[in-house]
Amino acid sequence: MELLYLSVLLLIIVIFFILFYRHMSPSMNPNLPPGRMGYPVIGESLEFLSTGKKGHPEKFIYERIKKYSSQVFKTSIIGEPTVMICGSASNKFLFSNENKLVMSWWPNNVNKVFPTSLETSSKEEALKMRKILPQLLNPQALQRYIGTMDTIAQRHFASDWENKTQVAVYPLAKRYTFWLACCLFISVEDPNHVAKFAEPFNLLASGIISMPIDLPGTPFNRAIKASKFIRKELLKIIKQRKLDLAEGKASTTQDILSRMLMSCDENGQYIGEHNIADKILGLLIAGHDTASSACTSIVKYLADPNIYQRVYQEQMEIAKSKSPGELLNWRDMEKMKYSWNVACEAMRLAPPVRGAFREAINDFIFNGFSIPKGWKLYWSASSTHMDPKCFPEPEKFDASRFEGKGPAPYTYVPFGGGPRMCPGVEYARLEILVFMHNLVKRFKWDKIIPNEKIVVDPMAFPAKGLPIRLYPHQS
């Protein structure tokens, strides 16, 4: 019996290795990029994820670029054979060949966390949403929400920052951006209602890019449970909103949800409730996790008095031009040019999203290497952001890099690029600038931990949350 068991186990192992290596064989793909695939199934995933958690997310890539003397190399991460392509030429190639040679791809654990995306969303439905989102998040559409952003920011700083001598920035930035997203996307403004969503969203965000082990207590398992809870709550809000719109109790333009419900394609087809729930879920995650990371990095660099002073002067000129109680508007946003340059430089040094995946939809050649159909490709923001050929003295903070024409194309990519560029770029710009305005006109500060480590899990954030000591301005 024991011999039979060992024979079956050996057969399973042999079959597994055949399946795992069948499309990675150098003899079948003699021109694959240099690199190694690591261990079966896990590949080099543990090292890829751990370098971010240890505060050196770029180490995995830089070590291999040096080792293989190539900005294109192969590996295996998150259970997938992957080619990492680095540099501005690689960015241009990927972003220019969207839906031609490559398409957007997410790890399987994302599909498990968002299962209705597979059940309800056809390609046509996804394309329909992709066309609608830029219309909902473009500058013209967002102008009407700037006053609301300012109101939420004022309430946030009054409740969470004022009358305190020190705070941890990252959790407060998350609270601000999540409150704002709930208000503008689904008109949930009451802090208690927002708090009901906050913890499940934190569990969801931290578990999306994790080892896909669905056992009780694992980050992945908690993310799945949080996703089910949030989706259920969102569907309640969506169903009630449809009734309110039908009865004239809600405005068709009051938030992103109403505009989604009222949007249809050229054939008069509306988006399904489950698809809207998934997209709102994705927007809420993207709308607060990446922006809170960016806001925290900005606060970190503004602790430097030389950087702070010019931002303060710009923002106070705007503040002094306002009458009592007057909220920020689009004209004010256009005046915050230096403040946005500072924000851009902070995101260059600490991009909220370190990179993203694509999938090869055809066999093709890049830089002389064969990229097999079905393989995944990963582009890295830091491969250009920290390249001295793209940004001289890359470790130095220098907001003047973004004056005039700014960086060369395909070198500055915190929001990606091409057809898959983040549609929320303008939304992020506005919420970040509103945050900066309300912060610097109230406080100066210094860092309690001068050289705090930045970790990535999955967003970039300071290991201790960036504690700072506050110095309120005198009225």
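Analyst: In this predicted model, 53% of the 475 residues of the chain count as buried. The chain has 19 helices and 12 strands. Among contacts between residues at least 6 apart in sequence, 71% join residues at least 24 apart.

User: Take Ile-77: why is it called buried or exposed?

Analyst: Buried means under 20% relative accessible area. Ile-77 has 0%, so it counts as buried. Ile-77 is found in strand β1. Leaving out residues up to four places away in sequence, Ile-77 touches Glu-44, Ser-45, Phe-48, Phe-60, Thr-82, Met-84 and Phe-357.

User: What makes the pair Phe-95 and Trp-379 edge-to-face?

Analyst: First, the count: there are 22 aromatic pairs by this rule. The centres of Phe-95 and Trp-379 are 5.4 Å apart, with 85 degrees between the planes. Centres must lie within 6.5 Å to pair, and planes over 60 degrees apart count as edge-to-face, so both tests are passed.

User: Why does that pair tie together parts apart in sequence?

Analyst: Phe-95 lies in helix α4 (residues 88–96) and Trp-379 in strand β8 (residues 376–380), so the pair ties together parts that are 284 residues apart in sequence. Phe-95 is buried, at 3% relative accessible area. Trp-379 is buried too, at 4%.

User: How do you know what kind of pair Phe-357 and Tyr-378 form?

Analyst: Their ring centres are 5.0 Å apart and the planes stand at 65 degrees. The cut-off for edge-to-face is over 60 degrees, so this pair is edge-to-face. Phe-357 lies in strand β5 (residues 355–360) and Tyr-378 in strand β8, so the pair ties together parts that are 21 residues apart in sequence. Both Phe-357 and Tyr-378 are buried.

User: Which residues do ring pairs link into a cluster?

Analyst: The cluster holds Phe-48, Phe-60, Trp-105, Phe-357 and Tyr-378.

User: What makes you say that a charge sits over the ring of Trp-105?

Analyst: The charged end of Lys-376 is 5.0 Å from the centre of the Trp-105 ring.

User: Now Ser-339. What makes its link to Gln-315 a polar contact?

Analyst: The two side chains come to 2.9 Å. A polar contact needs N or O atoms within 3.5 Å, so this distance qualifies. Ser-339 is found in helix α17 (residues 337–349). Ser-339 is buried, with a relative accessible area of 0%. Neighbours within four places in sequence aside, Ser-339 is in contact with Val-311, Glu-314, Gln-315, Leu-433 and Met-436.

User: Why is phi worth a remark at Ser-69?

Analyst: Most residues other than glycine have a negative phi. Ser-69 is not a glycine, yet its phi is positive, near 50 degrees. Ser-69 is found in the loop between α3 (59–68) and β1 (72–77). Exposed means over 50%. Ser-69 has 68% relative accessibility, so it counts as exposed.

User: How do you know whether Asn-163 is buried or exposed?

Analyst: Asn-163 has 82% relative accessibility; the cut-off is over 50%, so Asn-163 counts as exposed. Its phi is positive, about 65 degrees, although Asn-163 is not a glycine. Asn-163 is found in the loop between α9 (146–160) and β4 (166–168).

User: Which elements supply the lining of the second largest pocket?

Analyst: α9, α10 (169–186), α11 (191–208) and α14 (273–302) each supply at least two residues. The largest share, seven residues, comes from α11. The pocket holds about 480 Å³ of space. Of its 21 lining residues, the closest to the centre are Pro-171, Lys-174, Arg-175, Ala-198 and Asn-202.

User: How many cavities of 30 Å³ or more does the structure hold?

Analyst: One. About 40 Å³ of space lies in the largest cavity. Lys-300, Lys-447, Ile-449, Pro-450, Asn-451, Glu-452 and Leu-466 line that cavity.

Terms used: Residues are numbered from 1 along each chain as its sequence is written. This is a predicted model: local features need pLDDT of at least 70, side-chain atom pairs count only at pLDDT 80 or more; totals for chains, interfaces and linings use all residues. Side-chain values use heavy atoms; hydrogens and water are left out. Helices (H or I, at least four residues) and strands (E, at least two) are DSSP runs, numbered from the N terminus. Buried means under 20% relative accessible area, exposed over 50%, partly exposed in between (1.4 Å probe, protein chains only). A polar contact is a pair of N or O atoms within 3.5 Å; within protein, one must be able to donate a hydrogen and the other to accept it, and residues adjacent in sequence count only if both atoms are side-chain atoms. Contact means heavy atoms within 4.5 Å. Rings of Phe, Tyr and Trp (its six-membered ring) pair if their centres lie within 6.5 Å; planes under 30 degrees apart count as stacked, over 60 as edge-to-face and the rest as tilted. A charge sits over a ring if NZ of Lys or CZ of Arg is within 6 Å of the ring centre and within 35 degrees of the ring normal. On a 1 Å grid over the protein atoms alone, a cavity is a set of points where a 1.4 Å probe fits but cannot get out, and a pocket is an open set with protein on both sides within 12 Å along at least five of seven lines; lining residues have an atom within 4 Å of a point. Grid points are joined across faces, edges and corners, and a volume is the space filled by probe spheres set on the points.
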